[in-house]
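Visitor: Could you walk me through this model and tell me what stands behind the terms you use?
Guide: Gladly, here it is.

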Amino acid sequence: MILCLDIGNTQIHGGVFERSEIKLQFRKTSRGQFSSDEIGLFLKSVLTENKINWNEIKNISICSVVPDILHSIISGCIKYFQINPFILKAGVKTGLKIKYRNPLEVGTDRIANAIAAQKLFPSKNSIVVDFGTATTFDVITKAKEYLGGLIIPGIRLSMESLNKNTAQLPNVEIFKPQNVVGRSTEESIRSGLYFGQKSIVESIKKQIMREVFFNDEAILIATGGFSSLFENENLFDVTIPDLVLIGLHEAFQMNHKAE
């Protein structure tokens, strides 16, 4: 079995693969500091509670956009699983031609998403929209070129910014509103967050299709924690919440075979 860990700004998203099938997914907050013992014990506990024998974890694959806690996680994997994990980073095999001006600047979670998009939809153009702390757009051609994309504030980050920088606007529970026009402050914020992101996706997709793919076909993929909000909007061709884990699994396999 392979344990895959996506370390984001808000959460650690983990998954366990048996061959190519995801057997378990879990999440843990990544805010604040924690020790190698805390992460090692947490991983063993979550596996045990879900009836997965942690002794059957033979490899670990990690991507991280939070350098401050990566060392603790690597140390926890070594101490509690006796596994030196594979880290998705610049220089490893990805199967992609990275066209970013400085490839070191690309978040490895974005690369993992791109790897998974090409794995699942080979020989097709794709646009991946990841609804996380930030909402990111990643553009991949059918020639396996990672062109780059866009980064905008995510839904929760936008809400927290409104609350922090205004005197009377509260944090709200995030779900799909019934109407575009809110009739209370909370409804208005919720509607703005939801329909604002929806409109951004619609507009940016049109521009990418026109300026990058010259109106050639492309698959629009939604992923990330808030992607399920838009599942019934006919906005995306497919929603794959665990796309980054699939990419991490594929990246490990590519580099393992290369070795």
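Predicted model: local features only at pLDDT ≥ 70, side-chain atom pairs only at ≥ 80, totals over all residues.

Guide: Residues are numbered from 1 along each chain as its sequence is written, and side-chain values use heavy atoms, leaving out hydrogens and water.

Visitor: Why is His13 called buried?
Guide: Buried means under 20% relative accessible area, with a 1.4 Å probe and protein chains only. His13 has 4% relative accessibility, so it counts as buried. This residue is found in strand β2 (residues 11-18), a strand being a DSSP run of E with at least two residues, numbered from the N terminus.

Visitor: What makes the side chains of His13 and Gln25 a polar contact?
Guide: The term asks for a pair of N or O atoms within 3.5 Å, one able to donate a hydrogen and the other to accept it; residues adjacent in sequence count only if both atoms are side-chain atoms. Here the distance is 2.8 Å, and that is within the limit of 3.5 Å.

Visitor: How do you know that β2 and β3 pair?
Guide: Pairing takes at least two DSSP bridges between two strands. β2 and β3 (residues 21-29) have 8, in the antiparallel sense. One of the partners in β3 is Thr29, bridged to Gln11. Their hairpin has 2 residues between the strands, and Arg19 takes a positive phi near 60° there.

Definitions and conventions. Helix = DSSP H or I, 4+ residues; strand = E, 2+ residues; numbered from the N terminus. Buried < 20%, exposed > 50% of the residue type's maximum accessible area, 1.4 Å probe, protein only.
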